[in-house]
Amino acid sequence: MVEGPNRVTFDAKRDCSHCPRLEACRADVATVVSAGDTPRSIIWAGVVCRHDGTVIATDREIRVYYDQIEGQRAVERGSAA
């Protein structure tokens, strides 16, 4: 079980895999990408994308990325120790 800020990401990614619209959603992503755009900061068709549009391929990479994002937010709030 995943706890903390990563949990929402893992839950959303898992839910995508059970969505009845998954194949249509994948086609939507392909259309967007073929038009030269990239999904950013989103989980779309079960794929997690960073803020710059690159795909986060593994669960470990998801944890590392979101831990970094949370750390940066803490610094920006002035609450990092």
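User: Which residues are linked in a network of salt bridges here?

Analyst: Happy to start there. The general idea is that a side-chain nitrogen of Lys or Arg counts as paired when it lies within 4 Å of a carboxyl oxygen of Asp or Glu. In this predicted model, the network links Arg 7, Asp 11, Arg 14 and Asp 15. One of its contacts joins Arg 7 to Asp 11, with N to O at 3.4 Å. Another joins Arg 14 to Asp 15, at 3.2 Å from N to O.

User: How many residues apart are Asp 11 and Arg 7 in helix H1?

Analyst: They are four residues apart in that helix, which covers residues 6-17, so about one helical turn separates them.

User: Which residue forms a salt bridge with Lys 13?

Analyst: That partner is Asp 59, and the closest N and O atoms of the pair are 3.1 Å apart. Lys 13 sits in helix H1 and Asp 59 in helix H3 (residues 59-77), so this pair ties together parts that are 46 residues apart in sequence. Asp 59 is partly exposed at 35% relative accessibility, and Lys 13 is partly exposed at 22%.

User: And what does the count of salt bridges come to?

Analyst: By the distance rule above, the count is six.

Note on methods
Residues are numbered from 1 along each chain as its sequence is written. This is a predicted model: local features need pLDDT of at least 70, side-chain atom pairs count only at pLDDT 80 or more; totals for chains, interfaces and linings use all residues. Side-chain values use heavy atoms; hydrogens and water are left out. Helices (H or I, at least four residues) and strands (E, at least two) are DSSP runs, numbered from the N terminus. Buried means under 20% relative accessible area, exposed over 50%, partly exposed in between (1.4 Å probe, protein chains only).
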